[in-house]
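Here is a short briefing for a first look at this structure.

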Amino acid sequence: MPPYPHGFKFTPNHEWIQISGDRGKVGITDYAQEQLGEVVYIELPDLGATLNQGESFGTIESIKAVSELYAPVSGEVVEVNSTLKTNPERVNAQPHDSWMIVLRLTKPAEADDLLDSGRYSALLK
Amino acid sequence: MERAVDAPLKRTPLFARHRASTARMTTFAGWEMPETYSGIAAEHLAVRTRAGLFDFSHLGEIEIAGSDSLDALQQLMCTDLAQLRPGHTQYSALLTSGGTFLDDVVVFSLAPRHFLVVVNASNIDRDHAWISERLGAFGDAVAVNVSARYALLAIQGPASEEVLQPLTGIDLPSVKPHAFSHGEVAAVRATVSRTGYTGEEGFELLVPPQSADRVWLAILDAGRSVDLVPAGLGACDTLRLEAGMRLYGYDLNEETTPLEAGLDWMVCWAKDSFSGKAALRRQQSEGVQKKLVGFELMDSGIARPGHRMWADGSLLGRVTSGTRTPFLKKAIGMGYVSAAHAVETFEVEIRHRRVRARVVPMPFYRRQRPFGA
């Protein structure tokens, strides 16, 4: 079982968010990348896009499959990691370092209901 | 993946071997098969540059024999089987009376009036029933579903011959493309053909199921020197697509004919009659309504089966195969476009976006043959 970092919050859809102040970096978990296989394409939203919790903010594709990316909490997209456009395979190599977007949280309380690393790990068993 | 409770997944004789390894399993046509061992891209590249070993035991085999069996097959299939000499194979198709694909198959001529037909996994029972039903009209001919008697292994890639030769007494250089020979591989009775579904040099081996594991391990062992890898259906799909080979159930089905699929060369018009001939003749004289094209995307994105293709606001058709291939590193695909629109570029609707694509000749990839070969 790979370690799921403390200080991150997780969704049952296998996204993570690392919150600092009113900002949160969002990515997908090691489990998610393992299930997908080799990532070859990522589609991310435009800067300034506003998302509701659970809303799709993009897609991630492996050779075989396509998956939606869902916002763990509501917010505005204030940064997009464009290096993943050209190097999508980084998501496989370093899933917990490969943030996709940074959200400015508009409903920070939503984060309270996300899973911590212990509960997320338990979910995968 | 959803499936009916009363339809357990079928497993090949190598299932335990796959499960004991690092293979990630998937379901295909009712079979639990390895999707990948070490990553689809890595396996794809290994086959293009060295060698890969596949388990294709889910494919079916139907034996057809009897003094009237050649006449019968000439009626059931659209190619000219009179051209097929014993010891050789031929790519052929079973067509409905409407000229559409019931299946695409490979016919082995074992002896005069004795054939082995390798069919797609999803069609085994249907093909067998369809053939059997029609054989009665031809006198002395029988069809036997012998799928359980064979495991089918494929070694594909430029180093295939180098790996396989030390394991067999068959003189592999004398086995020409599309030909086969009977002998032993790793001391196991085997029928070895120079055939494949990857666009690469290679061999396919029909072996008894109880010995499949022995052959599998022997080839993996012999392949160590060239870094041969076991490979799954994921790489098989990207390899065959790069090579422009159609996949039944996606690019070919009961709604498409050889003329629409760009496989006109399969149709032997010189035969007096065969199933689907009248319908194909009509289609040939009237012109096809749709045509399979190969395409590559001009912008970022990946086309997938089912995506719609548009030009100037008109729906052209749908994508039937599509992926991003590891060797060419391009998003490529196939799809049927309305023949009324002879387009060179179009757009693929990928979820909410429209991505530009251009028609390119197939195959997308053609292996470089050594000089003089």
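The radius of gyration is taken over C-alpha atoms, and the globule rule is 2.2 Å times the number of residues to the power 0.38. For the 125 residues of chain A, a compact globule would come out near 14 Å; chain A has 13 Å, which agrees. This is a predicted model: local features need pLDDT of at least 70, side-chain atom pairs count only at pLDDT 80 or more, and totals for chains, interfaces and linings use all residues. Side-chain values use heavy atoms, without hydrogens and water.

**Build of chain A**

- Chain A has four helices and nine strands. Helices (H or I, at least four residues) and strands (E, at least two) are DSSP runs, numbered from the N terminus.
- From the N terminus on, the order is β-β-β-α-β-β-β-β-β-α-α-β-α.
- Along the principal axes, the C-alpha atoms of chain A fill a box of roughly 35 × 35 × 20 Å.
- Contact means heavy atoms within 4.5 Å. Among contacts in chain A between residues at least 6 apart in sequence, 64% join residues at least 24 apart.

**Surface and charge of chain A**

- Of its 125 residues, 49% count as buried. Buried means under 20% relative accessible area, exposed over 50%, and partly exposed in between (1.4 Å probe, protein chains only).
- Chain A exposes about 5900 Å², and carbon and sulfur atoms supply 48% of that area. Accessible areas come from the Shrake-Rupley method with a 1.4 Å probe.
- Chain A carries 10 positive and 18 negative charges, and their mean positions are 4 Å apart. Lys and Arg count as positive, Asp and Glu as negative; His and the chain ends are not counted. Each charge is placed at NZ of Lys, CZ of Arg, CG of Asp or CD of Glu.

**Aromatic rings**

- Over all chains, the structure holds eleven aromatic pairs. Rings of Phe, Tyr and Trp (its six-membered ring) pair if their centres lie within 6.5 Å; planes under 30 degrees apart count as stacked, over 60 as edge-to-face and the rest as tilted.
- The ring centres of A:Phe8 and A:Trp16 are 4.8 Å apart with planes at 45 degrees, so this pair is tilted. A:Phe8 and A:Trp16 are both buried.
- B:Phe54 and B:Phe56 have ring centres 5.2 Å apart and planes at 25 degrees, so they are stacked. B:Phe54 is buried at 0% relative accessible area, and B:Phe56 is buried at 4%.
- One aromatic cluster consists of A:Tyr4, A:Phe8, A:Phe10, A:Trp16 and A:Tyr120.

**Helix α3 of chain B**

- Helix α3 (residues 69-76) of chain B has B:Ser69, B:Ala72, B:Leu73, B:Gln74 and B:Leu76 as its buried residues.
- These buried residues pack against β4 (60-65), β5 (89-95), β7 (114-119) and α4 (124-135) of chain B.

Notes
Residues numbered from 1 in each chain as written. Chains lettered and ligands numbered in written order.
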